[in-house]
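Take a moment with the sequence and the fold.

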Amino acid sequence: MAEEILREDNERRNYVRLDSVFPVTFRIMESDAKTCLSEWLQGFTNNLGKGGLCLRINNINAQTLQLIRKKDLLICVEIELPLSPHPVKATARVSWIQPVGEEGGNKYLVGLNYDKIENFQN
C-alpha cells in the first residue's frame, strides 16, 4: 500500500537547509496549543533551516502516526544544539510525511514548518 505524501513534487525551499542530526524532543498539541495529545517523544533532525525542519522519528506507534497525519495540530519541538545550555524551542505544523525506506516499518520523516520560535539565548 502506498503511503500518502503531503509534500508537492514541485516544492521549492525558501531557506538553506543544514543537513545535521540533533536530538529533538517533541509533543503533539491541539491547534490552540493548550491541549496535549501526546507525551514527550524522541526524534532527530534530518535537516533544519530557518523556515522549518525535517524530523526523523524511529519506532513510531500507530496512534502517534495517526495524530501526526491530522492537519490541524501543532508540534512543540525542543532541539538540542551542541554547545548550547538550553534547547531551541519552537512550535511547528506538519507539511508532509513519508516513510523511511521501502520496507515500510515504523520509521518516518516529517516535514515541519515553524509557526513560532522562541528567542535563542546562550
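This is a predicted model: local features need pLDDT of at least 70, side-chain atom pairs count only at pLDDT 80 or more; totals for chains, interfaces and linings use all residues.

Residues are numbered from 1 along each chain as its sequence is written, and side-chain values use heavy atoms, with hydrogens and water left out.

Start with the strands. Strands (E, at least two residues) are DSSP runs, numbered from the N terminus. Two of them pair if DSSP finds at least two bridges between them. S3 and S4 run antiparallel and are joined by four bridges. A hairpin of two residues links S3 to S4. Here Asn47 has Cys54 in S4 as its bridge partner.

Strand S4 covers residues 52–57, and five of its six residues are buried. Buried means under 20% relative accessible area, taken with a 1.4 Å probe on protein chains only. S4 also runs antiparallel to S7, with six bridges between them. Arg56 stands opposite Leu109 in S7.

Now look at Thr45. This residue lies in strand S3, residues 41–49. Thr45 counts as buried because its relative accessibility is 2%. Its side chain reaches the backbone nitrogen of Phe22 at 2.8 Å. Beyond its neighbours within four places in sequence, Thr45 is in contact (heavy atoms within 4.5 Å) with Ser20, Val21, Phe22, Val24, Cys54 and Ile79.

Move on to S5 and S6. They pair in the antiparallel sense over five bridges. Glu78 stands opposite Lys89 in S6. The loop between S5 and S6 holds Ser84. Ser84 is buried because its relative accessible area is 14%. The side chain of Ser84 reaches the backbone oxygen of His86 at 2.7 Å. S6 in turn is joined to S7 by nine bridges, and the two run antiparallel. Ala90 stands opposite Ile117 in S7.

Which residues line the second largest pocket? They are Trp40, Cys76, Val77, Glu78, Lys89, Ala90, Thr91, Lys116, Ile117 and Glu118. Strands S5 (73–79), S6 (88–99) and S7 (108–117) are the elements that each give two or more residues to this lining. A pocket is an open set of points on a 1 Å grid where a 1.4 Å probe fits, with protein on both sides within 12 Å along at least five of seven lines; lining residues have an atom within 4 Å of a point. The volume of this second largest pocket is about 150 Å³.

Notes
Grid points are joined across faces, edges and corners, and a volume is the space filled by probe spheres set on the points. Buried means under 20% relative accessible area, exposed over 50%, partly exposed in between (1.4 Å probe, protein chains only). A polar contact is a pair of N or O atoms within 3.5 Å; within protein, one must be able to donate a hydrogen and the other to accept it, and residues adjacent in sequence count only if both atoms are side-chain atoms.
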